[in-house]
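Me: I would like to learn how to read salt bridges in a model. Please take one pair at a time.
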Amino acid sequence: MSLDELTQKVSDERVNHDTVTSHESENGSISTVSSTVSSVESEKAAYEFLAQTPIKSSDAHLVEFSEAMRTVAKALRRVAEGKAAAQAEAEEWRRKYELEMSHKQQSKIKGYGSCTNNELEKLASQLTLEKPASDQAGCCGNHGICSHEVLQDESPGTNPRSSHKMVSRKASFRLSWGCNGDKNGQHKHDFVSFEKGDITTAERSNKQILLKWESSPQTVLFITKPNSNSVHVLCAEMVRWLREHKNINVVVEPRVSKELLTEDSYYNFIQTWDDDEEIKRLHTKVDLIVTLGGDGTVLWAASLFKGPVPPVVAFSLGSLGFMTPFPSEQYRDCLDNVLNGPFSITLRNRLQCHVIRDAAKDELETEEPILVLNEVTIDRGISSYLTYLECYCDSSFVTCVQGDGLIISTTSGSTAYSLAAGGSMVHPQVPGILFTPICPHSLSFRPLILPEYVTLRVQVPYNSRGQAWASFDGKDRKLLSPGDALICSISPWPVPTACLVDSTTDFLRSIHEGLHWNLRKSQSFDGPHSG
């Protein structure tokens, strides 16, 4: 008898039994004969089925094996779904990154609409991260890094917009790898040489970068610390001296212009700007920037320039002064040396940051890229949860950050927030990006220094318990929700700051005087002496 037949028979017997029970409840009696026949037939059918079926223990093993196989199938299906989701998310971020790079390249090429084909090819080579030698090959041929492509003169035929329009003439200069004032210095541009199958690093006559004017500077921009009487008095004195003794055109901020004109009508010669469009063209008018204040004033001056930045002469009127080496009491001698040249400079790299929203499916966020001189900080804000950030370097996964936050810093910013969070102090001309966690939840999470050519992406994952906040040089805080990302890379436009002596001497002086680095009492020598 088959299983189906047995099932049908048992079902029929159950119906008969129910019918008998129903009659019993209704009539108060039951047929004993019917009950006996039903029991005998059911028992016979059961024995016949047991004789034809496997042992019951084998069925239990098969059921257990079947359940295990179903469990494995579910686990494999979950793994496959997770892998597919991860691949889809990675592909989406790759598309967004390629779109961001394409948008950046198109915006740069649009800004060079009046360039020649050779200049456009040179720009394209910069965007594809070619070797610096290809850029130098297109310079003036005098073995230097020329300023003609960085700080361009205004196009001829441009009509002045107002009576206080700034002059368009600009001074040109040359950067060289030579000794200070040595015209016979050997300028070696090949940093790596291949000779007889061996790789060696080429030597340079001097690692300090020099700036030498090829024509006299004509225009100086003053950036001053606000709400300081001593800074205001010094600014007025320096402006008067430059005008009377050097015949220099002076540009100041609108706030400073108003203060000086209110004080004395003598300062009618100073120039300023009216709107953001004129700020964007400042680099085509200004030869030199003079800052009066502390490091914060230098940061503010750099933030005014979204592209090329003229050389900065920073006078120390603040508290620390890592980027302000010039003493204000000797401003005449200092400005004489800078205006006559040559003088040493430090090229301070800036970070170019883009915020990409998860909602931006087809295009980037319309905001302009943000340039920072010190650092980008990503923290948890007022949230009680730890930040949870996924970090990528180019196409490689770096780590997941769980803690109070993360600092992505330039080497100039290594002595700022990054240092307080446990990062190392780095010479400002070292080409690198600092990757410093803030109070990480893992004791083995130590800071990193990455090469300057990489692109970092910090993403708030979808399963993050809270949001994150990004701040740029301590301001312009932006909310990063799950799915949003921050992309950081080195900007092609550094901030050249003038040195009092040279980069290394100024850097060591700043950490000695500003941080009192390794300051301690010397051990006494009044102990026993050997005969």
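Reply: A salt bridge is a side-chain nitrogen of Lys or Arg within 4 Å of a carboxyl oxygen of Asp or Glu. Here Arg255 and Glu259 form one, at 3.8 Å from N to O. This is a predicted model, in which local features need pLDDT of at least 70 and side-chain atom pairs count only at pLDDT 80 or more, while totals for chains, interfaces and linings use all residues. Residues are numbered from 1 along each chain as its sequence is written, and side-chain values use heavy atoms, leaving out hydrogens and water.

Me: Where do Arg255 and Glu259 lie?
Reply: Both are in helix 7 (residues 254-263), four residues apart, about one turn of the helix. Helices (H or I, at least four residues) and strands (E, at least two) are DSSP runs, numbered from the N terminus.

Me: Is Arg255 exposed or partly exposed?
Reply: Buried means under 20% relative accessible area, exposed over 50%, and partly exposed in between (1.4 Å probe, protein chains only). Arg255 has 31% relative accessibility and so counts as partly exposed; Glu259, at 34%, is partly exposed too.

Me: Which parts does the salt bridge of Lys246 and Asp336 tie together?
Reply: The side chains of Lys246 and Asp336 meet at 2.3 Å, N to O. Lys246 lies in helix 6 (residues 229-246) and Asp336 in helix 10 (residues 331-340), so the pair ties together parts 90 residues apart in sequence.

Me: How many salt bridges are found in the whole structure?
Reply: The search finds eleven.
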